[in-house]
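We'll walk through a few of its parts together.

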Amino acid sequence: METKRLIVDNDVNNISTYTQAVEKLLAGEVVAFPTETVYGLGAIATNEAAVAKIFEAKGRPADNPLIVHVGEAQDILEYVSEIPEKADTCIQAFWPGPLTLILTAKPNVFATNVSAGLSTVGVRMPDHPVALELLRKLRQPIAAPSANRSGKPSPTTALHVEKDLTGRIPLILDGGATGIGLESTVVDFTVEPPVILRPGGITADMLREVIGEVIEPASTKVGDETTPRAPGMKYAHYAPDAPVYLIQPNQELIEQAIKTIHTSRKKVALLASDDFKTTDADWFWSLGNQQNPQDFAHHLYAHLRACDETTADIILVTVPDKAGVGAAIFNRLEKAADGNWWSS
Ligand code: TXA
Ligand code: MG
């Protein structure tokens, strides 16, 4: 299959590009498009065969449900059987934006493979002009996971999508780099108090400010069965080819680690804040200012992907503070590293 990449301006002026995307979706095809978090791979959420193509293109396990994207908040009235008050408050406060709400689905509205057989559905309204324009022109809900091959870091540029999915999907809408760089916060509102299943750009503190108590699982460790989580979180994620080790942002520790790695004749890529630029790593990617987790989030996936273009044997990544968006970054890093910390 030929994969077309069409550049579409953020100021939403490219009518023929949207027409092509809408035609593909109506014909039961999948289309990749930018959101404010990461690129999504979309299909019409009521079309079972089209949704099946998402799973196939990504190599995604069938028991991992998809998020349904809507162009207007009120659209969800047609799709969910109840909107608890706290969910409604969050919709008012954070939509459009990087918050996915898990709600009870009305039966037989979406294709069954969207929710992987669950009675709930994840819904969100993205805050990106291209995604919103596509949804409004299509006038149908779009089921879309991140547009990467399963297991790889989510795509934050159209080129990342192209790298993973060329030959597997017909069309990519290229709206440039995404803003936030990490996937949406997923919150389960079918339980009381609501539970954060996946941390993201809308932080626990932001949620507490508007709805009071929310449960934030202490551990997101792979294999920790006491942790409630999104079905997808049990799978390996965000992983470059070489093994990733987490390390505290400490100059001495990092220098020692690099020395040890070099002694065993291995090459090391370091992803760290600007402060560590001067170390002897074979490759260095800056995650920005240690004090600014937004920078870190914005660059993380692109840099993890860039490691695959090197011959690094080991990837070291410094961890951010867990405050604010740091919690989401920490969560993704633990998965990318499969829980491994560097110890000399
Ligand atoms: O920012 C985002 O959320 C991006 C953009 C494209 O919108 N999408 C995204 O989708 O990250 P995906 O499929 O990569 O991650 C969806 C997460 C998975 O961990 C999945 O298990 C969880 O949401 N999820 C979806 N539906 C669910 C449900 N009904 N119950 C519990 N978890 C659910
Ligand atoms: Mg994903």
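Which element gives the largest share of the lining of the largest pocket? That's β6, with four residues. Keep in mind that the model is predicted.

Let's stay with that pocket. The largest pocket holds about 620 Å³ of space. It has 42 lining residues, and the closest to its centre are Arg60, Asn64, Pro65, Ile67 and Arg198. Sorted by class, the lining comes out as 18 nonpolar, 17 polar and seven charged residues.

| Element | Residues |
|---|---|
| β4 | 67-69 |
| β5 | 99-104 |
| β6 | 120-124 |
| β9 | 185-188 |
| β10 | 195-198 |

Now for a sheet. Four strands make an open sheet, and their order is β11-β14-β12-β13, with parallel pairing. At the edges sit β11 (244-247) and β13 (283-286), each of which pairs on one side only. Going from one strand to the next, the twist averages 20°. Zoom in on β12, residues 268-272: this strand and β13 pair in the parallel sense over four bridges. As part of that, Leu271 has Trp285 in β13 as its bridge partner. Helix α7, residues 251-263, lies across β11, β12 and β14 (314-318), and runs at about 175° to β14.

Next, helix α4, which spans residues 129-138. Which of its residues are buried? They are Val130, Ala131, Leu132, Leu134, Leu135 and Leu138. The cover over these buried residues includes α1 (15-26), β2 (31-33), β3 (40-44), β4, β7 (142-143) and β8 (171-174).

Finally, pick out Ile211, which lies in helix α6 (residues 204-211). Is Ile211 buried or exposed? Ile211 counts as buried because its relative accessibility is 8%, and the cut-off for buried is under 20%. Who are its contacts? Leaving aside residues up to four places away in sequence, Ile211 touches Lys86, Thr89, Cys90, Phe189 and Pro194.

Definitions and conventions. Residues are numbered from 1 along each chain as its sequence is written. Chains are lettered from A and ligands numbered from 1 in the order in which they are written. This is a predicted model: local features need pLDDT of at least 70, side-chain atom pairs count only at pLDDT 80 or more; totals for chains, interfaces and linings use all residues. Side-chain values use heavy atoms; hydrogens and water are left out. Two strands pair if DSSP finds at least two bridges between them. Helices (H or I, at least four residues) and strands (E, at least two) are DSSP runs, numbered from the N terminus. Axes are lines fitted to C-alpha atoms, for helices over the stretch in contact, and angles run from 0 to 180 degrees between N-to-C directions. Contact means heavy atoms within 4.5 Å. On a 1 Å grid over the protein atoms alone, a cavity is a set of points where a 1.4 Å probe fits but cannot get out, and a pocket is an open set with protein on both sides within 12 Å along at least five of seven lines; lining residues have an atom within 4 Å of a point. Grid points are joined across faces, edges and corners, and a volume is the space filled by probe spheres set on the points. Ala, Val, Leu, Ile, Met, Phe, Trp, Tyr, Cys and Pro count as nonpolar, Asp, Glu, Lys and Arg as charged, and the others, Gly among them, as polar. Buried means under 20% relative accessible area, exposed over 50%, partly exposed in between (1.4 Å probe, protein chains only).
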